[in-house]
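Welcome to my notebook. I opened this model to see what I could look up, and these are my entries.

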Amino acid sequence: MKRILITGATGNVGLETIRFLYESNTPNQIIAGVRNIGKAKEIFIDYPGLNFVTFDFEQTDTFNTALENIDTIFILRPPHISDIPTYFKPLIEKIKDKGIHQIVFLSVQGAEKSKIIPHTKIEKLIEESGIDHIFLRPGYFMQNLSTTLIQDIQLKRKIILPAGHAKFNWIDIQNIGEIASLMLDDFASYKNQTIELTGNECENFSTVTNLINEVISDKIEYYNVNPFKFYCIKKKEGNPVGMVLVMIMLHFLPRFQKVPDISDSYEKLTGKKPTTLREFISREKNKFDTLVI
Ligand SMILES: NC(=O)c1ccc[n+]([C@@H]2O[C@H](COP(=O)([O-])OP(=O)(O)OC[C@H]3O[C@@H](n4cnc5c(N)ncnc54)[C@H](OP(=O)(O)O)[C@@H]3O)[C@@H](O)[C@H]2O)c1
């Protein structure tokens with residue numbers, strides 16, 4: 001039995017990863033590394049066997065205890081952390097000091113092509129450490145529609161982005177959690193591999209808007225704005241500058257980049273088809289239909 005530490009446990013991918021580990025009756029002991037144990041215990045109320053430890057990427061003094069007797073670690077980069085040398089360098093060093101031999105890192109599709117995105121820097125730190133690792137590189141989360149973009153959808157009936165006609169490789173986070181749980185349990189089979197994860201659809205926001213409109217009555221529209229206008233709208237709403245800039249980078253730059261390839265990893269690894277956009281939208285339909293006032 002291994003002891004597996006899951007960072008970002010309470011987030012989108014962390015939650016699904018833990019759910020799949022339990023659903024597949026993992027033989028391993030799972031520890032959620034979280035900032036607030038009380039809050040996490042409420043979230044994971046249906047997981048009585050789950051262990052908790054305080055872990056904060058921004059508090060390096062939490063690393064020592066959290067990493068004690070851990071065999072395998074699932075790492076993600078919380079979206080607001082971009083200073084990799086300050087937070088991830090000491091973490092990877094501590095992982096090595098503690099003799100942890102297995103890292104599964106949630107990266108992003110295309111990380112190998114960029115010098116500026118934080119995931120590339122984290123991948124490099126892990127490679128340089130010599131620790132065995134698996135890099136999971138997912139495409140664009142379908143759940144962005146039901147999280148980051150949901151307020152505009154619900155309140156303004158719009159998807160507002162500077163994405164133009166750029167196409168994205170949509171992937172359901174449930175599919176990512178399933179693969180992450182597989183990698184964590186059976187690390188040896190995928191050791192030092194990079195796994196790209198996408199669904200089977202590469203679509204732009206106009207198409208996705210039409211797909212949403214097929215199942216809701218109060219229709220929405222895709223409002224393509226230039227990056228400056230997007231910045232002004234989001235800043236006026238009180239969003240942090242860093243987050244708005246990341247949103248621009250994620251949605252504006254793909255307009256000038258080669259469309260990334262679709263990957264068949266999910267199907268190869270599970271024998272199942274990945275979630276389609278239509279399936280995801282039907283599953284989450286109530287969120288898109290609700291007009292919150
Ligand atoms: N969105 C996309 O389309 C996309 C595509 C590919 C890759 N990605 C990558 O996926 C990652 C985000 O995954 P996600 O959506 O699962 O994230 P998320 O839902 O935003 O969750 C972030 C998690 O990190 C935790 N966290 C935040 N700050 C922390 C800190 N200082 N110390 C310890 N834990 C902390 C949060 O815990 P609390 O409960 O304490 O807040 C939460 O569990 C990012 O690296 C992103 O670049 C995203």
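**Entry one: a residue in a helix**

I looked up R283 and found it in helix α13, residues 277-283. Helices here are DSSP runs of H or I with at least four residues, strands are runs of E with at least two, and both are numbered from the N terminus. I note that this is a predicted model, where local features need pLDDT of at least 70, side-chain atom pairs count only at pLDDT 80 or more, and totals for chains, interfaces and linings use all residues. Residues are numbered from 1 along each chain as its sequence is written, and side-chain values use heavy atoms, with hydrogens and water left out.

Setting aside neighbours within four places in sequence, I saw R283 in contact (heavy atoms within 4.5 Å) with Q143, D172, Q174 and T275.

Next I turned to the ligand.

I then checked N or O pairs within 3.5 Å. A polar side-chain atom of T10 is 2.5 Å from a ligand oxygen. From F141, a backbone N or O atom lies 2.9 Å from an oxygen atom of the ligand.

Technical notes: A polar contact is a pair of N or O atoms within 3.5 Å; within protein, one must be able to donate a hydrogen and the other to accept it, and residues adjacent in sequence count only if both atoms are side-chain atoms.
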